[in-house]
Amino acid sequence: MSTIIAPSILSADFSHLADEVKKITEAGAEYIHIDVMDGNFVPNITIGSPVVKSLRKFSDAIFDVHLMVEHPETQIKNFADAGADIITFHAEATNHAHRLIQEIHELGCKAGVAINPGTSLSMIEELVEYAEMILIMTVNPGWGGQKFIESMLGKIHMLYHMVQEMETDCDIEVDGGINAETSVDVREAGANILVAGSAIFGAEDVAQAIKDIRGKEIIHHHHD
């Protein structure tokens with residue numbers, strides 16, 4: 001499985017978002033990771049669906065919308081209409097995760113489910129076969145530039161095995177403290193979509209930063 005890079009515009013210059021999105025797309029990023037924060041689920045407030053809608057005109061990249069919001073069910077349609085390709089909600093933010101996945105699919109988007117560092121995989125085990133993507137947070141969400149939490153590697157690896165055993169092709173995304181160094185470990189653990197913010201937007205050479213995070217392909221040997 002080749003690695004997909006999803007730069008997080010949380011670390012972009014918000015006064016020139018269209019240019020920033022264009023720059024990272026031209027530099028080789030397949031996805032644009034859009035962090036939506038409501039000031040309730042996480043302390044910070046970022047951007048809403050109108051901004052996603054206006055960015056859609058400037059980019060053909062896959063819009064990977066990460067809803068860090070309470071009551072995500074009230075927001076799904078807005079973001080689907082705004083041009084999201086993937087909508088990810090937090091398992092901790094809803095009591096009806098399975099239904100929410102169905103609603104996202106009905107709106108023509110792919111569905112992702114995210115879990116915070118303190119949340120067990122058992123919370124999403126029943127959802128793996130329905131979602132296209134599971135997002136393992138490798139920092140506590142809310143703001144950029146945090147340090148990668150090493151103990152999450154075991155969780156990524158367990159999820160990788162879970163996905164293999166179910167014989168489903170669910171993507172594993174990681175978000176938080178990802179750079180050229182931590183990328184190696186998370187890819188070895190089984191993640192194939194890497195969100196990176198400051199490591200990309202803070203780099204002199206964005207294309208090189210993306211290349212470095214993508215790294216060399218890791219071959220996973222399946223032991224039965």
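Analyst: Buried means under 20% relative accessible area, exposed over 50%, and partly exposed in between (1.4 Å probe, protein chains only). This is a predicted model: local features need pLDDT of at least 70, side-chain atom pairs count only at pLDDT 80 or more, and totals for chains, interfaces and linings use all residues. Residues are numbered from 1 along each chain as its sequence is written, and side-chain values use heavy atoms, with hydrogens and water left out.

User: Is Glu167 buried or exposed?

Analyst: Glu167 is found in the loop between helix 5 and strand 7; helices (H or I, at least four residues) and strands (E, at least two) are DSSP runs, numbered from the N terminus. Glu167 has a positive phi of about 55 degrees, although it is not a glycine. Its relative accessibility is 74%, so Glu167 counts as exposed.

User: Where is His71?

Analyst: His71 is not a glycine, yet it has a positive phi of about 50 degrees. Its place is in the loop between strand 3 and helix 3 (76-82).

User: How many disulfides does the structure hold?

Analyst: A disulfide is a pair of cysteine sulfur atoms within 2.5 Å. For Cys109, the nearest cysteine sulfur is that of Cys170, 16 Å away, and Cys109 is in no disulfide. Cys170 is in no disulfide either; its nearest cysteine sulfur is that of Cys109. The number of disulfides in the structure is zero.

User: Are Cys109 and Cys170 buried or exposed?

Analyst: Cys109 has a relative accessible area of 7%, so it is buried. Cys170 has a relative accessibility of 4%, so this residue also counts as buried.

User: In what order do the eight strands of the open sheet lie?

Analyst: Two strands pair if DSSP finds at least two bridges between them. Strand 1 (4-7) and strand 2 are the edge strands, and each pairs on one side only. The pairing in the sheet is parallel, and the order of its eight strands is 1-8-7-6-5-4-3-2.

User: By what angle are neighbouring strands of this sheet turned against each other on average?

Analyst: Axes are lines fitted to C-alpha atoms, for helices over the stretch in contact, and angles run from 0 to 180 degrees between N-to-C directions. For neighbouring strands of this sheet, direction is ignored, and the average turn is 25 degrees.

User: How many residues of strand 2 (residues 31-37) are buried?

Analyst: Tyr31, His33, Asp35 and Met37 point one way from strand 2, and all of them are buried. Ile32, Ile34 and Val36 point the other way and are buried as well. Strand 2 is therefore mostly covered, by the cut-off of the term buried: of its seven residues, the number buried is seven.

User: Which residue in strand 3 stands opposite Ile32?

Analyst: Strand 2 and strand 3 (residues 62-68) run parallel and are joined by seven bridges. In strand 3, the residue opposite Ile32 is Phe63.

User: How many residues of strand 7 (residues 171-175) are buried?

Analyst: Asp171, Glu173 and Asp175 point one way from strand 7, while Ile172 and Val174 point the other way, and all are buried. Strand 7 is therefore largely enclosed by the rest of the structure. Of its five residues, the number buried is five.

User: Which residue in strand 8 stands opposite Val174?

Analyst: Strand 6 (residues 133-137) and strand 7 pair in the parallel sense over five bridges, and the bridge partner of Ile134 in strand 7 is Ile172. Strand 7 also pairs with strand 8, again in the parallel sense, over three bridges. In strand 8, the residue opposite Val174 is Leu194.

User: At what angle do the axes of helix 5 (residues 152-166) and helix 6 cross?

Analyst: Contact means heavy atoms within 4.5 Å, and Leu153, Ile156, His157 and Tyr160 in helix 5 meet Asp185, Val186, Glu188 and Ala189 in helix 6. The two axes come within 8 Å. Helix 5 is roughly parallel to helix 6, because angles under 35 degrees count as roughly parallel, over 145 as roughly antiparallel, 65 to 115 as roughly perpendicular and the rest as oblique. The axes cross at roughly 30 degrees.

User: Which residues does Ser183 touch, not counting residues up to four places away in sequence?

Analyst: Ser183 has its place in helix 6 (residues 180-189). Its relative accessible area is 0%, so Ser183 is buried. Not counting residues up to four places away in sequence, Ser183 touches Ile178, Leu194 and Ile213.
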